[in-house]
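Hi there,

Here is the structure I promised to send over. Have a look at it first, and then read on for my notes.

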Amino acid sequence: MKYMKLGSKQDAFQSDGDDVRYVISDLATDVVVHVGEVKFYLHKFPLLSKSSKLQRLVLKATAEGSDEVHIDDCPGGAKTFEICAKFCYGMVVTLSPHNVVATRCAAEYLEMTEDVDKGNLIFKIEVFINSSILRSWKDSIIVLQSTKALLPWSEELKIVGRCIDAIASKTSVDPANVTWSYSHSKKGAGCAEIVESTGKTSIAPKDWWVEDLCELDVDLYKRVMVAIKSKGRMSPELIGEALKAYAVRWLPDSYDALVAEDYMKRNQCLVETIIWLLPSDKSSGCSCRFLLKLLKVAILVGAGEHVKEELMRRISFQLHKASVKDLLLPAASPNNGTYDVRLVHNLVQRFVARTAMSHNGDFVEKSDEKMIELNFEQESTLSLGELVDGYLSEVASDPDLSLSTFVELATAVPEAARPVHDSLYYAVDAYLKEHLDISKADKKMICSLIDVKKLSADACMHATQNDRLPLRLVVQVLFFQQLRAGSSKELALTDDGGHACARPLQDQCEPCERRIPRHPNSLNKHVTSLSAREVEHRNSEHRGGRNSFKDQLGGFLLQSRSRRIFDKLWSSKGQGENGKGSETSGSSQSPPLSAKPAEVKPSPLPPLRNRRYSVS
């Protein structure tokens, strides 16, 4: 910290209580200056030799037959006036970054210019500011912070602007050339450490300036950040990091402190300023977690709709990077539930629309073939699916969450984002567990979200024992569980790196792509192998009779409830109840169960010449 000493005489000012100051001298005082509630008993000559304003005031008081002068609007009050009076007497005064602004404003008020006396106080203070204060990083910040209490004087004297320019210029310096001290906290450290300028032992980090600027009030911080951004030398990532550090420094962690009546307005101004300062590049600079935290604060403090809209636009660029905890935004009104699910639905819709319009990393749905063409940049879409399903599982326990809101959010995710439906199934189950009074129609609606063909073995096992699910869905799960087991048992694979799939229940399950060896010379050997497998398959079918079908359909033991449902279904079909609709009949997603189990026989493999192969 820089200091400047003025004068050489010993300090002769004394106090008599809190409201009286006087000078010890052989000469009697001849003027009384009232500065606020403090009286100064002084001598006219030293004061009038330095201040034009005091010359006029004393002349006016003398004309009125009085020796008292009243000053009620001196910048800095009695304390600053005392510094100026000591300078007039030639006594020692010390200027520092903490009092230089107030003294400069008081000198301007008292008109202590060069026209009155050469080397007057204004001149000496300006030399100190320009040669020392503005060249020091920390002193510039201290001086800038002190200007707020001295507006509009500090603004008119351009002290604010000069400090801002000095600070912004230093932030743009190459970190290798930073030779001054600064505060910097390492990641994970609890407090900031002071890095002194003791030589170039190490290069300063790129964000060396972030911690010190956090000490500024929000309005001054805003002006400094605008100046830094206007220079165009700072990356959006550094700007975002600085804004995050400032938000952590000033935004309270607790809900009560955030919405306290005394600080509500300040917090609202703070979050709106931070949002206004966000980098212009909406897809970079700030993490999605930080933006969602700002959105949460904006909702709690009642920020304007334009602020929320700007945040939502930015979040929609990187929603897939968020976590479920980040998305738990509080509802604006308690009547709308615990969480603002509709706001999250809006964010998902924006993200999906933006992804669909982009040419890089998009997903293309072919409706005629009902297939999804995935590319290498679809990770964001897959991450979105996991995020939404996890969020649905979290908010499903909210008793005020309506079925329509749940379904709308679940269906807002494109099909390509859900290759597996396990998370969605558990979210639906959590909703059914909390909303026990749901009607059969609503239960059917929410369960229609689940595609049983995309459930894992563990999820299928859980579903077959789940009493909350409709019987129709349980039957679908049982059927495809058995079908999957039978298909995997009959899978025929590899010979010299080639693959061949043989599924006896081919028309009831998804088509399987058969592959042949890449090398044409091994084709004959591959066909011979397939013929041998076909003969062996027919012989085993003849020996096994009806039991071969049971072997194909699974070979593993069902749980008690699932086994009873499945056996009852087969027995009812065997008694000629084909074609009749019931709750246990399959849905549009499952094939019809129209054949008796004893009559179903695995389809023989077609002749080799009629088989279709695809060369991979």
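Below is what I found, going from the whole chain to single residues.

First, the ground rules. This is a predicted model, in which local features need pLDDT of at least 70 and side-chain atom pairs count only at pLDDT 80 or more, while totals for chains, interfaces and linings use all residues. Residues are numbered from 1 along each chain as its sequence is written, and side-chain values use heavy atoms, with hydrogens and water left out.

**The whole chain**

The chain has 25 helices and 11 strands; helices (H or I, at least four residues) and strands (E, at least two) are DSSP runs, numbered from the N terminus. Of its 616 residues, 45% count as buried. Buried means under 20% relative accessible area, exposed over 50%, and partly exposed in between, using a 1.4 Å probe and protein chains only. Among contacts (heavy atoms within 4.5 Å) between residues at least 6 apart in sequence, 69% join residues at least 24 apart.

**The sheet**

An open sheet of 5 strands runs in the order β2-β3-β5-β4-β6, with mixed pairing; two strands pair if DSSP finds at least two bridges between them. At the edges are β2 (13-15) and β6 (68-71), each pairing on one side only. β2 and β3 (residues 20-23) run antiparallel and are joined by 3 bridges, with Gln14 opposite Tyr22.

5 of its 5 residues are buried, so β4 is largely enclosed by the rest of the structure. Val31, Val33 and Val35 lie on one side, Val32 and His34 on the other, and all are buried. β4 pairs with β5 in the antiparallel sense over 5 bridges, and His34 has Lys39 as its bridge partner in β5. The two strands form a hairpin with 2 residues between them, and Gly36 in the turn has a positive phi of about 65°. β4 also runs parallel to β6, joined by 4 bridges; there, Val33 stands opposite Val69.

Helix α3 (residues 77-89) lies across β2, β3, β4 (31-35), β5 (38-42) and β6, at about 10° to β5. For such angles, axes are lines fitted to C-alpha atoms, for helices over the stretch in contact, and angles run from 0 to 180 degrees between N-to-C directions.

**Two polar residues**

Ser316 is found in the loop between α15 (305-315) and α16 (341-357), and is buried at a relative accessible area of 0%. Its side chain makes a polar contact of 3.1 Å with that of Arg354. A polar contact is a pair of N or O atoms within 3.5 Å; within protein, one must be able to donate a hydrogen and the other to accept it, and residues adjacent in sequence count only if both atoms are side-chain atoms.

Thr273, in helix α13 (residues 264-276), is buried too, at 9% relative accessibility. Its side chain reaches the backbone oxygen of Cys269 at 2.8 Å.

**Cysteines**

How many disulfides are there? With a disulfide taken as a pair of cysteine sulfur atoms within 2.5 Å, the count comes to 0. The sulfur of Cys105 has its closest cysteine sulfur in Cys74, 9.6 Å away, which is too far for a bond. Cys105 is buried at 0% relative accessibility.

Best wishes
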